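Thanks for making time this morning.

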Amino acid sequence: MMDSLIPRRKLEPGEEEQIASWKQQLLANPYRAYLYSYPHKTAYRPFPAPLKLSDLWREETAETFFLYMHIPFCGARCGFCNLFTLPDKRTSAHEQYVDALQRQAEQWAPYVSHKPLARFAIGGGTPTLLEPALLQRLFEIAENTMGMNADKVSISVETSPETVTDSRLEILKAYRTDRVSMGIQSFIEAEANAIYRPQKPQEVERALELLREAGFPVLNLDLIYGLPGQTVASWLYSLERALAYEPEEIFLYPLYTREHTIVRPEQIEAQGEDLRMACYVAGRDRLLSAGYEQQSMRRFAKQDASLTKTLLPYSCQEEGMIGLGCGARSYTRRVHYASRYAVSKRATASIIADYVSAKCYDEADYGIVLNEAEQKRRFIIKAILHREGLSSADYTARFGKGLLEDHPELEWLVLGGLAEAAGGIIRLTAEGLAHSDAIGDWLISERIRERMEAFVHL
Ligand SMILES: C[S@@+](CC[C@H](N)C(=O)[O-])C[C@H]1O[C@@H](n2cnc3c(N)ncnc32)[C@H](O)[C@@H]1O
Ligand code: SF4
């Protein structure tokens, strides 16, 4: 479909072939890059000189902020995971870490207290690896130091099956957590073992029973498809088990193999790309028939999931993400910053040790400064990979330029049948959504791609 944003026009000689060949290349490799944020953290580098956080946050234009706390500990590292996390179950290590996070919060609070918080999330790693008393301290820091008002803020916490206990859920309930998200990946023990996530299905079901009893407004479950040894039938079995608990949200992730993780690309190649695409299609169709709405390639949600709070508005396009903790990223409109990123145990342990022993957290020394061209790309990537789509009016309101004037190549998505333009909005078609990871990758700028490719793992 076309509209005035992309008027129907006669193609130039050769253009049709050009678009067909571009599309063929795009579809040939649908699983290229999961862009949950742009630019990717492998594009971050040490800043030539540290940036003062007081300056960065003073100039931030977002009306409300998002507070994120990162807990970089897990019971063990799963064989597919390249997140910033360390296998460390020692309460003493967790305690020291929360002490450091509190110091950091105390130093940052004056920089960010001029705007209210609208969202709060605790992620990881595995935040619920922490003992209940430490978990409680995180909420206290959010409320007492960072000024969170739980009546107006949506609160989300990540968990994993073996760390779900009554006493931890009581803390989450007491602080009015709205959303709990649990990684399951597969309900089949052999599949979990194949990705080095030793996890018994009975353990998963026990955690799910407790979570449903606790009655959080939104329960999200993560599943992965394309696992070694998985078939479309076994994938649908896991999905059915998840559906039996009627989660308000489900994320379906295609398996990616990453540098420095145990699961190897050959294990996926042995199955062929088709397994992932076949699982995606089967999973998507099952969720649509069960009444879920598809919000992106990975996210499916029930429409009627209603929160009991009246939330302050937060627009993720406005940035204002305050990331506390080691491994958390912070986003202002112009600067994204974080601690250094690593996957290996040795390097992760040393970055956490530096964080825990630090006295001063008032400067950013690692990240990326986004020039206007990159801010525009970030806006486009975030909008187009979601169901709401990319609004040309919103783009112009933000950047003062025409969307197609800046990025004429977006027309190819529409001409190639991967997107539709209607009412001034470009929205991916079903085929486009299925190929979101190839489209996102295509939208990465040359400059960022060069930085990502030159990244050297610690
Ligand atoms: C932020 S992670 C952490 C979740 C939580 N720590 C857990 O494992 O239960 C969120 C989800 O990303 C997905 N994920 C992480 N690494 C992945 C990979 N290499 N391929 C596919 N999905 C992945 C998993 O489904 C995981 O649950
Ligand atoms: S997938 Fe979750 S539990 Fe496993 S290592 Fe990554 S963060 Fe930890």
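I need one term before anything else: a polar contact is a pair of N or O atoms within 3.5 Å; within protein, one must be able to donate a hydrogen and the other to accept it, and residues adjacent in sequence count only if both atoms are side-chain atoms. The model is predicted, so local features need pLDDT of at least 70 and side-chain atom pairs count only at pLDDT 80 or more, while totals for chains, interfaces and linings use all residues. Residues are numbered from 1 along each chain as its sequence is written, chains are lettered from A and ligands numbered from 1 in the order in which they are written, and side-chain values use heavy atoms, with hydrogens and water left out.

Start with histidine 407. Its side chain and that of glutamate 409 are joined by a polar contact of 2.8 Å. Histidine 407 sits in the loop between α14 (403-406) and α15 (410-415); helices here are DSSP runs of H or I with at least four residues, strands are runs of E with at least two, and both are numbered from the N terminus. Is histidine 407 buried or exposed? Histidine 407 is buried, at a relative accessible area of 8%, where buried means under 20%, exposed over 50% and partly exposed in between, with a 1.4 Å probe and protein chains only. Beyond its neighbours within four places in sequence, histidine 407 is in contact with Arg377, Ile380 and Tyr395; contact means heavy atoms within 4.5 Å.

Glutamate 411 is in helix α15 and is also buried, with a relative accessible area of 13%. The side chains of glutamate 411 and arginine 9 make a polar contact of 2.7 Å. With neighbours up to four places away set aside, glutamate 411 is in contact with Ile6, Arg9 and Leu404.

Now the overall layout. The protein chain divides into domain 1 (15-37 + 371-453) and domain 2 (45-302), with bounds from an automatic or database domain assignment. Their C-alpha centres lie 27 Å apart. Domain 1 puts 18 residues into the contact and domain 2 puts in 16 residues.

Next, the nonpolar core, meaning a set of buried Ala, Val, Leu, Ile, Met, Phe, Trp, Tyr and Cys residues joined through side-chain atoms within 4.5 Å. Which members of the largest core, with its 140 residues, touch the most others? They are Met69, Phe120, Leu410 and Ile426. Helix α3 (residues 91-112) contributes the most to this core, nine residues. Both domain 1 and domain 2 give residues to this core, so it lies between them.

Threonine 64 is in the loop between α2 (53-58) and β2 (65-71). At 9% relative accessibility, threonine 64 counts as buried. Its side chain reaches the backbone oxygen of proline 313 at 2.8 Å.

Last, the ligands. Around ligand 1 there are 17 residues, of which Phe80, Gln185, Arg197, Asp222 and Tyr256 come nearest; a residue counts as near if one of its heavy atoms lies within 4 Å. A backbone N or O atom of phenylalanine 80 is 2.9 Å from a nitrogen atom of ligand 1, and one of glycine 125 is 3.0 Å from a nitrogen atom of ligand 1. For threonine 159, a backbone N or O atom lies 3.5 Å from an oxygen atom of ligand 1. Ligand 2 has residues around it including Cys74, Cys78, Cys81 and Arg197.
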